[in-house]
Amino acid sequence: MMIQINFRSRLIVGNYFRQSIRYRSDKLPVPLSFVKAQPKSVSIDINKKPLLSFHGLFGSKINLRSLMNQICTRTKQPCYSFDLRNHGESPHVDGDKSDMNAMASDILLWMDTNQIDRADLLGHSLGGRVISQFAFDWPDRVDRLILVDISPLPTLPKIDFLTENFFDLLEDCIKQLPAQMNLSQARQHVRTRLIEVISNTFIVDFFLLNLYQDKNGKIKWRFNTRALEMLVRNRMAHQLDTNKPFNGKSLIIYGEQSDYVRPDQFDQIRMIMPNVQFVNIANTGHYLHVEKTQQFIDIVVDFLKKSIS
């Protein structure tokens, strides 16, 4: 009997077994969980290159889902929001398998699996670091790059609440929940604990979005606590391979009040991203896309429409 393997199957199998050459990492790429934008009464042009979006540390695909729906409505291009590895419903793996090259290879696997040659990429914070590495590793697969309040430089500001014991606190919050507590009650209980160490209530509520109740009724975090602890402790997000510049069209949107991107860094950034544009949004911080959503969307859509390849 002759067993037939279609093109898509050959592509997936081939990519997994040639990872040492193709994926530029000794860590196996993982299939990412995602949602596709489905705005009502919008005819999506499947011939347009898709926009792939990636959240920040401790985030998930739901963080950017609404933005993708609104951008899709205006650009008519397919738009997707993803869970990075060790976040949300994407595979949870050991922390030492979460360097930027490995996380970038997950994007390549998804594009290869779905037979997408080139795409626009958008990433906030950690997501921006991951797509930057992807652009440096596979520049021919990127049409346009949009970094949201993050740069490709190794200098990142310190996050005050990420103390030595913070990840222990995250796990203790779950372990100490009284039995038979429902999700709403659990969120209130955890909120009380987190607000003791995180002064910004927006960030506290952001964390609470990651709580869920499994089929056995157990309350859990959607992110892999210990893997993310290793990522932070070992400064893995700081380490990008920028030996070859990315010469494609790039945009960095940054918050005027944020420390993640500063005007005095622009010349350094241009050395590794020569075709980058910078746009700041006044009176915003690191979560500028939440603080001034409509202005953020206008900037993204304007860039995508004016920089057509």
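Predicted model: local features only at pLDDT ≥ 70, side-chain atom pairs only at ≥ 80, totals over all residues.
A residue is called buried here when its relative accessible area is under 20%.

**Helix H12**

Select residues 293–306, which form helix H12. Its 14 residues reach 20 Å from the first C-alpha to the last, close to the 20 Å expected at 1.5 Å a residue. Now colour the buried residues of H12: Phe296, Ile297, Ile299, Val300, Val301, Phe303 and Leu304.

**The nonpolar cores**

Next, select Leu52, Phe58, Phe166, Leu194 and Phe207, the residues with the most contacts inside the largest nonpolar core, which has 72 residues. Another core, of 22 residues, lies apart from the largest one; Leu67, Cys72, Val148 and Phe296 are among its members. Phe296 has already been visited as one of the buried residues of H12.

Return to Phe207 and display its surroundings. Which residues are in contact with Phe207, leaving aside its neighbours within four places in sequence? They are Phe58, Phe161, Phe166, Leu170, Leu194, Ile198, Trp221 and Phe223.

**The largest pocket**

Turn now to the open space in the model. The largest pocket holds about 1000 Å³ of space. To find its centre, select Pro157, Lys158, Ile159, Leu162 and Tyr260, which are the closest to it of the 38 lining residues. Helix H5 (126–137), helix H8 (201–208) and helix H9 (225–233) are the elements that give two or more residues to this lining. Coloured by class, the lining of the largest pocket shows 21 nonpolar, ten polar and seven charged residues.

**The second largest pocket**

About 380 Å³ of space lies in the second largest pocket. Of its 18 lining residues, Ile174, Leu177, Lys218, Ile219 and Lys220 are the closest to the centre. At least two lining residues come from each of helix H6 (166–175) and strand S7 (219–221). H6 gives the most, with four residues. By class, this lining comprises ten nonpolar, four polar and four charged residues.

**Asn216**

Finally, select Asn216, in the loop between strand S6 (211–213) and S7. Is Asn216 buried or exposed? Asn216 counts as exposed because its relative accessibility is 67%, and the term applies over 50%.

Definitions and conventions. Residues numbered from 1 in each chain as written. Heavy atoms only, no water. Core = buried A, V, L, I, M, F, W, Y, C linked by side-chain atoms within 4.5 Å. Buried < 20%, exposed > 50% of the residue type's maximum accessible area, 1.4 Å probe, protein only. Contact = heavy atoms within 4.5 Å. Expected span 1.5 Å × (residues − 1). 1 Å grid on protein atoms, 1.4 Å probe; cavity = no way out; pocket = protein on both sides within 12 Å on 5 of 7 lines; lining within 4 Å. Points joined across faces, edges and corners; volume = space filled by probe spheres on them. Nonpolar A, V, L, I, M, F, W, Y, C, P; charged D, E, K, R; others polar.
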